[in-house]
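Work through these exercises with the structure open beside you. Try each task before you read its solution.

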Amino acid sequence: MRGMPVESGNSAAARQAKQKRKSHSLSIRRTNSTEQERPGGVRDMLEGQDNKLPLSLKSNLLELFGQIEREFENLYIENLELRREIESLNERLAGEGQAIDGGDLSKGALKTKASHSTSQLSQKLKTTYKASTSKIVSSFKATSSRAVCQLVKEYVGHRDGIWDLSVTRTQPLVLGTASADHCAMLWSIETGKCVLKYAGHAGSGRLVSSHAAFHLFVCVLTASGDQTAHIWRYMVQLPLPQPQADVSQVQGEDDVDFSDKDEADGDVDGMNECPTVRVATTTLKSHQGVVIAADWLVGGRQVVTASWDRAANLYDVETSELVHTLTGHDQELTHCCTHPTQRLVVTSSRDTTFRLWDFRDPSIHSVNVFQGHTDTVTSAVFTAGDNVVSGSDDRTVKVWDLKNMRSPIATIRTDSAVNRISVSSTQRIIALPHDNRQVRLFDMTGVRLARLPRSNRQGHRRMVCCSAWNEENQACNLFTCGFDRQAIGWNINIPALLQEK
């Protein structure tokens, strides 16, 4: 008796479904017949089994199963009808296209048919050609608007992370690196071999800045965690470049993660033969904290240093005397940089600001404070023109005009903190090293050009600390270093299309 209401409900629902299906042109008598027979058969099968479910729950389940089946059936019917309508519309549109092309229709008929078929054709064209069009556009961008970046040389030899690197501005061209292993090294750019090692600091080497004073003589300025800056001079004998195997093959055979293996550093060819200097020519001792950065002023007769004691000092190289103390930052300094052709200095700090110091007039030393970031300004550098580029832990890089520095002329937003940036003076490209092991390239307007490749075979494996451009060597014109204990030389080739932009 408890099964009777279920059967009557199913029969009423079946009659409603039949009335709905009469409105459709497709007949499914076999499905209808199975629909009428299936609920009873399922019920008999469930009742015949050893099932402890209450009869009311069984009835509800049977009714729900019937509703689900009818819903799927209705959806199937609607799908078939929609397919038929689409086919008929396609045939009609094809016929109308032939009539418009071949017949002599009046302007009114043309407008009527055009308005009737425009909405139909537009959707069809969008769905048909959207994927192929996007592929064509993306392939065009990849081939004509991207910089080509290729790894050229790896410089391995430090036993701890490399904080900083730089390239001499004049001959002889050498690469300098400063590491947390208390050492600084000079490298042959062509061969990748260390030509000189400096071990005179008692603390972590924070920065190395090379200045070629005479032919084959290099004066090097290093800053350290021992609260001093050292100037040391040495005659560099660059080894002759030798033909080497393909870079990709060398990388595949020597694919070692130097960030995790100390023994790999000691096996580098030629490291034991590298001469070592342990005594500085000049020691600068006026700071009361870690000397985080140092740089040469134009001409090479003065140097500027930046420290965690919140001050920057200007020294005379010949006498080692302190000329000026630059104070004003509220927190520790993070970087300092000098203009390549003018007596200008820019210092950055953890107080979210960077300051521009003007020493062009000996009697007046002006200073300008710029507040454009919301977190530590990790570096601020000059360009060859009248611009300053600043990077910050707030994941932004901003380009400023020296003539009007009230607001940046371009802002670059990234997904990771930005470390010590560098700007190419010839190509006007900004290299951004990140905490997330990436190095990205942007132009001065903020347009992204490329990202340096990073995989198991090439690229940095840990945080990238610094980048430096080499304008004199086209084969290896960008260098990066990081906490994976290696410096990498790259060849950056910018298409002419991007340079014009």
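## Exercise 1: A salt bridge and its cover

Aspartate 358 is buried, because its relative accessible area is 15% and the cut-off for buried is under 20%. The model is a predicted one.

Task: Find the salt-bridge partner of aspartate 358, and classify the cover of that partner.

Solution. 
- Step 1. The partner is arginine 360. The closest N and O atoms of the pair are 2.8 Å apart.
- Step 2. Check the distance against the cut-off: a salt bridge needs the nitrogen within 4 Å of the carboxyl oxygen.
- Step 3. Arginine 360 has 48% relative accessibility, so it counts as partly exposed.

## Exercise 2: Strand to loop

Task: Arginine 440 forms a salt bridge with aspartate 415. Locate both residues and decide whether arginine 440 is buried or exposed.

Solution. 
- Step 1. The closest N and O atoms are 3.2 Å apart.
- Step 2. Arginine 440 sits in strand β25, and aspartate 415 in the loop between β22 and β23 (422-423). These distant parts of the chain are 25 residues apart.
- Step 3. Arginine 440 has a relative accessible area of 9%, so it is buried. Aspartate 415, at 44%, is partly exposed.
- Step 4. A search of the whole structure finds five salt bridges, this pair being one of them.

## Exercise 3: Positive phi

Solution. 
- Step 1. Recall the rule: most residues other than glycine have a negative phi.
- Step 2. Histidine 182 has a positive phi, near 70°. Arginine 437 has a positive phi too, near 75°.
- Step 3. Locate them. Histidine 182 is in the loop between β3 (174-179) and β4 (184-188). Arginine 437 is in the loop between β24 (429-433) and β25 (439-443).
- Step 4. Histidine 182 is partly exposed at 35% relative accessibility. Arginine 437 is partly exposed at 34%.

Key. Residues numbered from 1 in each chain as written. Predicted model: local features only at pLDDT ≥ 70, side-chain atom pairs only at ≥ 80, totals over all residues. Heavy atoms only, no water. Helix = DSSP H or I, 4+ residues; strand = E, 2+ residues; numbered from the N terminus. Buried < 20%, exposed > 50% of the residue type's maximum accessible area, 1.4 Å probe, protein only. Salt bridge = Lys/Arg side-chain N within 4 Å of Asp/Glu carboxyl O.
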